[in-house]
Amino acid sequence: METLLQEKIAGKKQVQVSQKLNVTGAEAVVLSLLAEGVECVFGYPGGAIMPVYDAFYHYQEQLKHYLVRHEQGAIHAAQGYARVQGRAGVAIATSGPGATNLITGIADAMIDSTPVVCITGQVAKHLLGTDAFQEVDVISVSLPITKWNFQVTRAEEIPSVIAKAFYIAQSGRPGPVLIDITKNAQNERFDFSYEKCTKIRSYFPRRKADMSAVEAAAQLIDKAKKPLMLVGQGVILSKAEKELKEFAEKSGIPVASTLLGLSAFSTKHPLYVGYLGMHGNYGPNIKTNECDVLLAVGMRFDDRVTGDLNKYAKQAKVIHIEIDPAEVDKNVKATVAIVSDAKEALVALTEKITAKSYPEWLQEFADADRMEYEKVVSKDFAPNTEKIKMAEVIKMLSDKTKGTSIVATDVGQHQMTTTRYYQFTEIDSNITSGGAGTMGFCLPAAIGAKVGRPDRQVVAIIGDGGFQMTMQELGVIMQYKIAVKVIILNNNFLGMVRQWQQLFFDNRYSSVDMQNPNFIKLAEAFDIKAQKVEKREDLSKALDAMLDSPEAYFLEVCVEKETNVFPMVPAGAGVAEIRLE
Amino acid sequence: MSAKRFTISVFTENTIGLLHRVTTVFTRRKINIESLTVSETETQGVSRFTIVVIGLEDKIAQVVKQIEKQVEVLKCFFYEDDQIVYQELALYKMPTKVFANSESVEDIIRESNARVLAIEPEFIVIEKTGREHETQALFEKLQPFGILSFVRSGRVAIAKPMKRLQTHLDELESVSLFE
């Protein structure tokens with residue numbers, strides 16, 4: 001046998017090793033989490049995870065456990081926490097239904113590259129495969145939607161598997177991992193010692209930027225007459241906001257953002273030209289098909305951004321900066337690909353390029369903006385309807401908070417309205433379910449975000465439909481006094497589906513009309529201050545009361561029933577076919 | 001571009017569940033696996049999956065990247081038939097009496113470079129290695145005599161390029177950052 005692939009120990013950083021003799025597997029789980037610097041976990045107990053909960057009891061001073069009301073709440077809270085903290089959130093559940101209730105959130109974290117470590121209990125090893133009580137093969141179920149998963153059946157495996165889990169979840173393109181721990185492994189005793197994982201021989205999470213590719217990209221950029229930059233969440237994940245700003249200011253290239261890229265670049269910056277995609281701004285969508293160089297940074301050309309690929313940026317040379325090699329050439333063929341971390345590539349490019357500016361090209365965006373303002377924005381903001389419009393609420397919230405709040409959204413019209421009109425000025429502020437489009441995401445994600453950043457104002461903006469998918473998590477706000485501000489934009493409709501039914505299904509409104517409960521009574525039942533706003537003149541005061549409240553606050557705003565979100569690139573159409581009305 | 005036959009070699013850690021992880025990449029894209037063989041390589045703890053699929057080159061290249069993205073996959077390659085040396089194996093179970101009653105079966109075995117693996121009172125087992133069309137040709141020749149059972153293995157393949165797995169991994173490592 002060869003000595004092939006032996007891990008090279010030389011040059012490895014000194015790592016902190018914690019040790020404790022004769023501990024149970026359950027205690028080892030807690031010690032491992034502490035060794036990873038975990039301060040809080042979101043979870044729900046049950047039979048197969050009880051030994052770990054017993055260990056939590058003994059460590060409650062060091063490790064805060066938030067008892068959610070449904071496991072979906074745990075995973076979304078862990079996601080919200082991860083997004084604002086820039087490190088893995090942790091969700092815990094028992095076997096069987098506890099584990100399967102995590103699945104939606106795991107899929108969401110996978111497609112949105114969110115680092116999450118899930119720990120599930122499992123029946124004892126001797127019962128595996130016997131259809132034991134609360135046994136589900138969660139390894140197989142979660143396999144296509146985890147970056148990595150592993151079933152632990154012996155206590156000694158726990159520290160190294162948890163170390164690997166955190167390393168994998170947080171390195172390279174982040175993602176969710178799941179560790180399934182059989183009950184016997186939680187109860188067995190062994191001598192614990194912990195070493196952080198810094199390398200796995202089959203795993204190459206980050207490449208150094210290839211300097212010849214950087215050189216080629218710099219040449220394309222220097223020769224460009226109408227370049228456009230598209231920035232995605234990769235900038236946020238690599239904490240490259242400062243480097244992006246420096247690159248943008250030197251290159252003079254207009255910056256457009258994807259849904260998940262929002263808050264990476266200040267919307268007030270003169271180079272910011274708007275947000276991309278199906279309900280994005282007119283300018284960046286239409287100019288995608290007019291630019292000569294398209295520079296994509298940490299984004300994956302999702303179909304909600306590109307529309308019909310056959311009609312997407314065909315005239316442009318494409319530079320794709322992307323950490324995941326599997327994303328390169330997947331949807332859009334790159335002229336030059338830089339496979340690396342966004343920060344590293346931006347720093348290298350900034351050095352190579354010549355300082356430029358494109359006043360005429362920027363003017364074209366300003367013209368497009370004016371057109372969008374006349375046809376869409378001014379109408380959205382006009383107080384000319386009986387009820388308040390969603391856009392009015394978001395505009396007022398944005399102005400009052402100066403774009404500095406962490407804003408969590410659910411999925412639908414309120415989400416698109418918020419991401420269109422909330423003018424983000426601070427980094428790590430946009431928390432939404434992008435790729436998966438998970439209704440019910442917002443409330444628990446906002447809770448996780450507030451736990452992660454108690455110093456910042458966290459506002460959850462939710463539709464009446466999505467709210468009812470995870471509204472049980474109001475209990476978490478109540479129990480732990482989490483000062484999340486919740487705005488329900490209530491139109492008594494599943495608004496986005498209704499919009500599609502109006503536009504594409506001849507006004508046949510099928511199962512979108514909602515008879516809602518009394519939301520105020522509901523919030524009050526959870527001991528949360530609540531207010532309902534029906535009249536335009538009451539909105540400003542109500543928002544002030546909400547924002548000024550040191551505690552959680554629940555604001556229901558009754559909005560126009562049948563407004564549509566425009567602009568809109570109809571599904572399957574090209575970006576240039578964007579409709580303003 | 002038209003669909004072609006590709007042989008995919010996946011080098012992986014020998015861990016439980018990895019087969020599932022690799023095959024889901026095909027399942028997601030609705031690509032049928034024509035054959036699949038797994039064995040340990042010359043390196044302890046490293047397995048090689050040999051997977052034969054028919055598809056468009058672009059699509060297969062993407063699938064290969066998505067397989068390589070799996071944490072426990074060391075490296076994944078794909079080849080057209082002229083870039084590899086490959087072989088399959090087939091077993092044919094025949095009633096023993098056909099040998100007693102006819103000499104032509106014996107001739108067929110000789111001509112086909114097949115061999116007899118086992119002789120039992122009721123049946124014999126014939127083995128033939130070769131490419132699919134060769135094992136299929138023997139199948140068709142034997143069929144009139146009554147084949148009791150037939151099985152063909154997946155393809156095994158060795159790539160012609162001389163670059164070794166370790167060299168590929170060293171190259172990857174030299175351009176990688178780990179923290």
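This is a predicted model: local features need pLDDT of at least 70, side-chain atom pairs count only at pLDDT 80 or more; totals for chains, interfaces and linings use all residues.
Local features need pLDDT of at least 70 and side-chain atom pairs count only at pLDDT 80 or more, whereas totals for chains, interfaces and linings use all residues. Residues are numbered from 1 along each chain as its sequence is written, and chains are lettered from A and ligands numbered from 1 in the order in which they are written.

In chain B, helix H1 (residues 18-28) packs against helix H2 (residues 57-68) at an angle of about 150 degrees, and their axes are 10 Å apart. Helices (H or I, at least four residues) and strands (E, at least two) are DSSP runs, numbered from the N terminus. Axes are lines fitted to C-alpha atoms, for helices over the stretch in contact, and angles run from 0 to 180 degrees between N-to-C directions. H1(B) and H2(B) are therefore roughly antiparallel (an angle over 145 degrees; under 35 counts as roughly parallel, 65 to 115 as roughly perpendicular and the rest as oblique). The crossing of H1(B) and H2(B) is right-handed (the near helix is turned clockwise from the far one by less than a right angle; anticlockwise is left-handed). Val22(B), Val25(B) and Phe26(B) of H1(B) meet Val63(B), Gln66(B) and Ile67(B) of H2(B), where contact requires C-beta atoms, placed from the backbone, to lie within 7 Å. Five of these residues are nonpolar, one is polar and none is charged (Ala, Val, Leu, Ile, Met, Phe, Trp, Tyr, Cys and Pro count as nonpolar, Asp, Glu, Lys and Arg as charged, and the others, Gly among them, as polar).

In chain A, helix H11 (residues 241-251) and helix H14 (residues 342-352) pack at about 30 degrees with axes 9 Å apart, which makes H11(A) roughly parallel to H14(A). Their crossing is left-handed. From H11(A), Glu243(A), Leu244(A), Glu246(A), Phe247(A) and Lys250(A) touch Lys343(A), Leu346(A), Val347(A), Leu349(A) and Thr350(A) of H14(A). This contact comprises five nonpolar, one polar and four charged residues.

The contact between the chains takes 25 residues from chain B and 25 residues from chain A. On the chain B side, two or more residues come from each of H1, H2, strand S4 (73-79), helix H6 (165-174) and strand S10 (176-177). H1(B) gives the most, with four residues. The chain B side has eight nonpolar, nine polar and eight charged residues. S10(B) also pairs with strand S9 (residues 206-207) of chain A, in the antiparallel sense and over two bridges; pairing requires at least two bridges found by DSSP. Leu177(B) in S10(B) is the bridge partner of Arg206(A).

Note on methods:
Two residues are in contact if their C-beta atoms, placed from the backbone, lie within 7 Å.
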